[in-house]
Amino acid sequence: MKIILFGPPGAGKGTQAQFIKDKYNVEHISTGDVLREAVKNKTEVGMLAKSYMDKGELVPDEVVVKIISEKVSNLDNKGFMLDGFPRTITQANALNDVLGELNLDIDAVILLKVDDEEVIKRILNRQKIEKREDDNEDVVRNRLKVYREQTSPLKKFYDEKGLLREVVGIGEISEISGRIQEILDNYV
Ligand code: AMP
């Protein structure tokens with residue numbers, strides 16, 4: 001199973017990614033997690049990424065494309081779930097190229113749909129627990145703007161390829177997982 005999980009910040013991607021990983025035994029590849037780890041370890045990529053992440057901007061395409069290409073190429077045909085990648089049309093095209101070279105196809109793209117006000121409420125809540133630096137209100141609003149402008153065009157991109165599956169991201173966590181499972185069971 002090879003899937004992409006996307007949606008606005010705070011849509012619950014991380015939570016549902018954990019469910020999908022446990023249920024279907026796929027490799028979970030999260031660009032946000034990889035970048036946060038790089039920031040923590042103060043690597044060259046981490047230092048560069050931090051300046052963008054702190055403002056809620058996207059890290060340059062070439063940086064994330066390189067990270068993901070290496071990860072996907074090293075998977076040895078194991079199923080995977082991309083979480084937080086691609087986030088731009090440029091990244092989506094680069095992913096197509098990488099997968100093409102490996103002779104792999106994406107099975108489905110899950111879009112977790114949550115409205116802006118719910119997103120802000122959830123993220124401010126998360127900030128109290130996880131203390132992520134990019135979870136303050138101004139940065140969140142910018143992340144939402146970036147999502148609208150740069151990431152939401154992926155919806156049409158994947159819809160035209162017949163891959164888009166929309167899931168309402170509001171409700172109990174288990175309820176949302178159930179909606180995802182209904183879709184993904186078709187690809188087992
Ligand atoms: P996330 O944990 O997915 O919300 O990502 C946190 C931050 O990491 C984002 O606000 C971006 O600054 C950066 N980031 C994560 N994934 C990407 C990506 N695919 N392209 C560019 N920047 C990214």
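**View 1. Asp-61 is buried yet forms no salt bridge.** Buried means under 20% relative accessible area, exposed means over 50%, and partly exposed lies in between (1.4 Å probe, protein chains only). A salt bridge puts a side-chain nitrogen of Lys or Arg within 4 Å of a carboxyl oxygen of Asp or Glu. The nearest side chain of opposite charge to Asp-61 is Arg-87, 9.3 Å away. Here Lys and Arg count as positive, Asp and Glu as negative; His and the chain ends are not counted. Asp-61 lies in helix H4, residues 61-73. Helices (H or I, at least four residues) are DSSP runs, numbered from the N terminus. Leaving out residues up to four places away in sequence, Asp-61 touches Thr-88, Thr-90 and Gln-91. Contact means heavy atoms within 4.5 Å.

This is a predicted model: local features need pLDDT of at least 70, side-chain atom pairs count only at pLDDT 80 or more, and totals for chains, interfaces and linings use all residues. Residues are numbered from 1 along each chain as its sequence is written, and side-chain values use heavy atoms, without hydrogens and water.

**View 2. Arg-143 sits in helix H7, residues 137-151.** Its relative accessibility is 11%, so Arg-143 counts as buried. Beyond four places in sequence, Arg-143 touches residues including Pro-9, Gly-56, Asp-134 and Asp-135.

**View 3. Phe-157 and Tyr-158 form an edge-to-face pair.** Rings of Phe, Tyr and Trp (its six-membered ring) pair if their centres lie within 6.5 Å; planes under 30 degrees apart are stacked, over 60 edge-to-face, the rest tilted. The count comes to one aromatic pair. The ring centres of Phe-157 and Tyr-158 are 4.9 Å apart and the planes meet at 85°, so the pair is edge-to-face. Both Phe-157 and Tyr-158 are buried.

Key:
Helices (H or I, at least four residues) and strands (E, at least two) are DSSP runs, numbered from the N terminus.
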